[in-house]
Amino acid sequence: MITLQRSVTFPPIRLRRIDEYIHYVAKNAPTLEELRERGLEIGRGRGDITRLLERIQVVEVNNNRVSLTSAGRQLVSLREALSLSVYHALFFQRLSHYKLLVETLAELREGDFENLHGAVNERLSRISPTAWLNKVAFKTLLQIAEDVGAVEKRNGIYYYRGDPVEKAVSEYYEKHGVKIGSNYYVAVDKVLVEECAKEEKPHNLYKVDTGCTVTKIYNFFVI
């Protein structure tokens, strides 16, 4: 029996371009042609970014117009508060190869490009023996991990920096609230996830559970 090796590919897209694309779609519900004319789309046909975001159910295309799904709208809402780190939760839940990369680096803590590429493909082979990430796809995912703050590159070595969503949530509440002991207290309009906040009377502040908030943000993007 002949086994064909299936190379997993991703378009070489930087996160900033994906972010600009989503921001524009949120405001304009543009046509596919308009996205291409404004330099927000690349590739042939439907376009690489559109196909990727359709695949992970962030946008949908109807009558040649692109609009956000409910997950896309949630992403835009959280993006305002958490910056690019929110994309980490999205990709971790909806791009299995990105999740595999992050989990591998979290375990190894550091590694150069070649060693990490080999380690991820070795783990991928346990899941799907005929699949492998080519170097272009792996570089794209690694760059996204850098852009969201999960990974840092120094002198050719990639280091795992921890969960960027957890860090962003803590920084957000440090900026918009007060910390008493291990808890943050914020005004109601600064609460990120209602289910993770409890009103503290008589001060009209809400005590927020950061762990609950991080978990809920990840859960928003479970398919």
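Which two cysteines form a disulfide, and how far apart are their sulfur atoms? Select C196 and C212: the two sulfur atoms sit 2.0 Å apart, and a disulfide here is a pair of cysteine sulfur atoms within 2.5 Å. By that rule the count comes to one disulfide. Turn the view to look along the S-S bond: the angle about it is -65 degrees, so the link of C196 and C212 is left-handed. C196 lies in the loop between β9 (183–186) and β10 (197–200) while C212 is in helix α10, so the pair ties together parts 16 residues apart in sequence. (Helices are DSSP runs of H or I with at least four residues, strands are runs of E with at least two, and both are numbered from the N terminus.)

Before moving on, a word on the ground rules. This is a predicted model, where local features need pLDDT of at least 70 and side-chain atom pairs count only at pLDDT 80 or more, while totals for chains, interfaces and linings use all residues. Residues are numbered from 1 along each chain as its sequence is written, and side-chain values use heavy atoms, with hydrogens and water left out.

Now show the surface around that link. C196 has 4% relative accessibility and counts as buried, whereas C212, at 22%, counts as partly exposed. (Buried means under 20% relative accessible area, exposed over 50%, and partly exposed in between, with a 1.4 Å probe and protein chains only.)

Next stop: helix α5, residues 86–94. Eight of its nine residues are buried, so α5 is largely enclosed by the rest of the structure. Among those buried residues are Y87, H88, F91 and R94. Around them, colour α1 (15–28), α4 (70–82), α6, α8, α9 (164–176) and α10 (210–220), which the buried residues of α5 pack against (contact means heavy atoms within 4.5 Å).

Finally, select F10, P11, L52, F91, L95, T140, L141 and I144, the lining of the largest cavity. α8 gives the most to that lining, with three residues.

Methods: 1 Å grid on protein atoms, 1.4 Å probe; cavity = no way out; pocket = protein on both sides within 12 Å on 5 of 7 lines; lining within 4 Å.
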